[in-house]
Amino acid sequence: MDSLNRHEDYGQESLDEAQLSNDPIEQFQAWLVEAEAEGIYEPNAFVLSTVTSDNTPSSRTVLLKGVSDQGFSFFTNFGSRKGQAIKNNPNVSAVFGWYSMYRQVLIEGLITDVSDEESTEYFHSRPHESQVAAWSSKQSQPINTRADLDKQFDEALERFSDSEVPRPDYWGGYRIVPTRIEFWKGRSNRMHDRIAFERESIDSDWQIQRLQP
Ligand SMILES: Cc1cc2nc3c(=O)[nH]c(=O)nc-3n(C[C@H](O)[C@H](O)[C@H](O)COP(=O)(O)O)c2cc1C
């Protein structure tokens, strides 16, 4: 486990206020394009944290499928563990870690549902087998064996062998409407750059602050 004793230098490239867009969504989009150009594997993957009704946090990776003025959208099973948490508490946070670029973006915000139309359109853009899988898995529920799971998938494949797969009503999109977005750029000597955008509500202007590393 050599990595535990390594001391990487995070480089000289800086992040300063003059280079940044005034709009953190635009800035995020620019960094995502740069992460794609860098060839980062799944650059749209992020760690989503939710909080249950008894204040227990939990985290998992999901894929970003849309980013606009409206916020950051992803798709999942509404009955899953994360879906249950979101139902009770719409406050979430997200981490994009583009480590080979010495960059991370931290997002905090409130969840809203994406429209049924948008969920259905995205559902049908997925490969047939992925659509079938949405019918074959009660996400986050226990199952006895892998064979039982494969059986559920095979039965759903058979059921939809010659028909369009409808979107299950328990599957669709959530959108994170951000109230805080922080851009982090690693620098030498652990003297990193951190610039945070915050707004009181979605109707307020963004305030920008530099933070100590
Ligand atoms: C790279 C990667 C991408 C993933 N993308 C998604 C996704 O977009 N939606 C999703 O529901 N689960 C996705 N998962 C699986 C989740 O991490 C998680 O296992 C699942 O959503 C169940 O989480 P929950 O029990 O906390 O609800 C992804 C996992 C990885 C590693």
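Start at the ligand: one of its oxygen atoms sits 2.6 Å from an N or O atom in the side chain of S140. I count a polar contact as a pair of N or O atoms within 3.5 Å; within protein, one must be able to donate a hydrogen and the other to accept it, and residues adjacent in sequence count only if both atoms are side-chain atoms.

A word on the source. This is a predicted model, where local features need pLDDT of at least 70 and side-chain atom pairs pLDDT 80 or more, while totals for chains, interfaces and linings use all residues. Numbering runs from 1 along each chain as its sequence is written, and side-chain values use heavy atoms, with hydrogens and water left out.

R60 puts a polar side-chain atom 2.7 Å from a ligand oxygen. L63 uses its backbone: an N or O atom there lies 3.0 Å from a ligand oxygen. How much of the ligand does the protein cover? It covers 63% of the 620 Å² of accessible area that the ligand has on its own (Shrake-Rupley, 1.4 Å probe).

Now the shell, meaning residues with a heavy atom within 4 Å. Its members include V62, F75, K82 and Q139. Which element gives the largest share? That is β2, with four residues. β2 (57-63), β4 (71-77) and α2 (81-88) each give two or more. By class, the shell has three nonpolar, five polar and three charged residues.

Next, the helix pair. Helix α4 (128-136) and helix α5 (146-159) have axes that come within 9 Å and cross at roughly 120°. That makes α4 oblique to α5. The α4 and α5 crossing is right-handed.

Finally, the whole chain. It has five helices and nine strands, taken as DSSP runs: H or I of at least four residues, E of at least two. The C-alpha trace spans about 55 × 50 × 40 Å along its principal axes.

Notes: Ala, Val, Leu, Ile, Met, Phe, Trp, Tyr, Cys and Pro count as nonpolar, Asp, Glu, Lys and Arg as charged, and the others, Gly among them, as polar. Axes are lines fitted to C-alpha atoms, for helices over the stretch in contact, and angles run from 0 to 180 degrees between N-to-C directions. Angles under 35 degrees count as roughly parallel, over 145 as roughly antiparallel, 65 to 115 as roughly perpendicular and the rest as oblique. A crossing is left-handed if the near helix is turned anticlockwise from the far one by less than a right angle, and right-handed if clockwise.
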